[in-house]
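User: Hi! Could you walk me through this structure with me asking as we go?
Analyst: Happy to, here it is.

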Amino acid sequence: MNAPLIQPVVGNAVLAVQGLRASIGRVPVLRGVDLNVGAGETVALLGRNGVGKTSTLRAILGLLPRRGGAVAFQGVDICRLAAHRLSALGIGYVPQGRGIFPSLSVEENLFLGLRGAPDPTLVDDIYTRFPRLAERRFQAAGTLSGGEQQILAIGRCLMRKPSLILLDEPTEGIMPKLVAEIRREISAIAKRGVAVLLVEQNVRTALSLASRIYLMERGQIVHEAASQDLTTDPSTIHRYLGVAL
């Protein structure tokens, strides 16, 4: 029998995760993850490959079955809600690999899953923020570059007016020019008061965007620090991630 789920209370956190455990089959992948994200805050989750970063995002959303622990969004326990209901609550997710539909147009992807007609003001805002999407609105999404597809995935997420966004490797495999654009947009999202939980392999990108960093090893959070502290003490990054700043 699965361990009982508890209700977390972590100040005014938009997202509060306590003791989150999950397995793939019989193999444990999360062994008690604790983290929280406040309104307008960007928090990064870093670690070597295979330590459970993507699994953490998926378990928060219920896409990976939880085996214990708790997840609260704006003070409400969401563990018993189906994953598809979380978008309506205000939780956005941009998965690794973007999840766009290549045969649909940019605009069809952008509006996918909306209930009712899109808000014209919001559409104008998205196209103003992402002029590449406006230029290619009737083009098949599969013909876009990897970076443009990532921008489309972020734009689609923003169409749902989230107050929390989970981003999984948003700059992976993207040309530097578009990486800079994606960084600027993630920063702008947080300035609008949206909470962001970011999984990112590029340590410099994570440190530049996030105010706090969680470091993972073997399915657990093993270190938490302000980004500024890690920037001035690169030995911690090297110890846990094996990279030099």
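User: In which sense do β1 and strand β2 pair, and over how many bridges?
Analyst: β1 and β2 (residues 27-37) are antiparallel, with 8 bridges between them. Strands count as paired if DSSP finds at least two bridges between them, and strands are DSSP runs (E, at least two residues), as helices are (H or I, at least four), numbered from the N terminus. Keep in mind that this is a predicted model, where local features need pLDDT of at least 70, side-chain atom pairs count only at pLDDT 80 or more, and totals for chains, interfaces and linings use all residues. Residues are numbered from 1 along each chain as its sequence is written, and side-chain values use heavy atoms, with hydrogens and water left out.

User: Which residue is the bridge partner of L20 in β2?
Analyst: That is V33.

User: And what does G25 do in the hairpin?
Analyst: G25 takes a positive phi near 65° in the hairpin of β1 and β2, which has 2 residues between the strands.

User: How many bridges join β1 to strand β4?
Analyst: There are 6, and β1 and β4 (residues 66-73) run antiparallel. V71 in β4 stands opposite V17.

User: Why is β1 largely enclosed?
Analyst: Because 7 of the 10 residues of β1 (residues 15-24) are buried, the rest of the structure largely encloses this strand. Buried means under 20% relative accessible area, exposed means over 50%, and partly exposed is in between (1.4 Å probe, protein chains only).

User: Switching topic: how many residues are in the largest nonpolar core?
Analyst: The count is 44, and L46, L133, L152, I154, L167 and I213 have the most contacts inside this core. Helix α6 (residues 146-158) gives the largest share of it, 6 residues. A second, separate core has 31 residues, including L30, L35, I78 and A195. Such a core is a set of buried Ala, Val, Leu, Ile, Met, Phe, Trp, Tyr and Cys residues joined through side-chain atoms within 4.5 Å.

User: What does L152 touch?
Analyst: Leaving aside residues up to four places away in sequence, L152 touches I100, V106, N109, L110, L133, A141 and L144. Contact here means heavy atoms within 4.5 Å.

User: Zooming out, how many helices and strands does the protein have?
Analyst: The protein has 10 helices and 10 strands. Buried residues make up 49% of its 245 residues.

User: And what box do the C-alpha atoms fill?
Analyst: Roughly 45 × 40 × 35 Å, along the principal axes.
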